[in-house]
Amino acid sequence: MKTPQLGPDDPNPRTRLRNRPVIDRLMYRTALLDNGCWEWRGATNPKGYGNIRRDMDGPAYSVHRVSFEHFHGPIPDGLEVDHLCFNRACVNPDHLEAVDRRTNVLRGRRNQNHGKPTCGRGHDFDAANTSITPDGKRVCKACSRQRTADYRARKAAA
Ligand SMILES: [Zn+2]
Ligand SMILES: [Zn+2]
């Protein structure tokens, strides 16, 4: 997996970027977070999804859809691109999956963490405290650390 290039080595990226492929312009406005999310830092729509134009005078597309298509190929008809990491600004193709609308909605309901800003114990699900498992679940780092500490304490007491 290619990691994002956080800016080409051009002293004047504005002019240089203009004629670059959309994926380059997209990556240029992306920050790599500790949890692996590639977070879009450019323009967003009111729902929090990033927007980018494939052509300078063309319509705007969702950045996560542009990224998905670049890395995984065309999105099959009727499918939506779901964020496994629940970060709407994320464009990491490993955190994106094309699913039908029903799966998308069901998955959102089933996942207790969906949309919640904190874990069950009230720790923030922010970038510093969240890791993403290979199957896309959010894990609270504070709770993981606590579980490890508890285990060690039990072992030491035994
Ligand atoms: Zn992500
Ligand atoms: Zn926690």
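Which residue just after α3 takes a positive phi? I looked this up and found Gly 73, with a phi of about 100 degrees.

**Entry 1: basis.** I note that this is a predicted model, in which local features need pLDDT of at least 70, side-chain atom pairs count only at pLDDT 80 or more, and totals for chains, interfaces and linings use all residues. Residues are numbered from 1 along each chain as its sequence is written, and chains are lettered from A and ligands numbered from 1 in the order in which they are written.

**Entry 2: confidence.** I read pLDDT as the predictor's confidence in each residue, from 0 to 100. The chain has a mean pLDDT of 82, and 82% of its residues reach 70 or more. Confidence is lowest in helix α1 (residues 13-17), with a mean of 64, and highest in helix α3 (residues 63-72), with 95.

**Entry 3: elements.** I took helices (H or I, at least four residues) and strands (E, at least two) as DSSP runs, numbered from the N terminus. The chain has five helices and eight strands. Their order from the N terminus is α-α-β-β-β-β-α-β-β-α-β-β-α.

Entry 4: I call a residue buried if 20 or more other C-beta atoms lie within 10 Å of its own, exposed if 12 or fewer, and partly exposed in between, with C-beta atoms placed from the backbone. Buried residues are 22% of the 158 in the chain. A nonpolar core is a set of buried Ala, Val, Leu, Ile, Met, Phe, Trp, Tyr and Cys residues joined through C-beta atoms within 7 Å. In the largest such core, of 19 residues, those touching the most other members are Leu 26, Val 63, Cys 85, Cys 90 and Val 91. Two or more residues of this core come from each of α2 (22-28), β2 (38-40) and α3.

**Entry 5: helix α3.** I list its buried residues as Val 63, His 64, Val 66, Ser 67 and Phe 68. Their cover includes α2, β3 (51-53) and β5 (80-83). Contact requires C-beta atoms, placed from the backbone, within 7 Å. Leaving out residues up to four places away in sequence, Leu 26 touches Ile 52, Val 63, Val 66, Ser 67 and Val 91.

**Entry 6: His 83.** Why is His 83 classed as partly exposed? I found 19 other C-beta atoms within 10 Å of His 83. His 83 lies in strand β5. With residues up to four places away in sequence not counted, His 83 touches His 64, Arg 88, Cys 90, His 95 and Leu 96. The C-alpha atoms of His 83 and Glu 97 are 6.7 Å apart.

How values were computed:
Contact = placed C-beta atoms within 7 Å.
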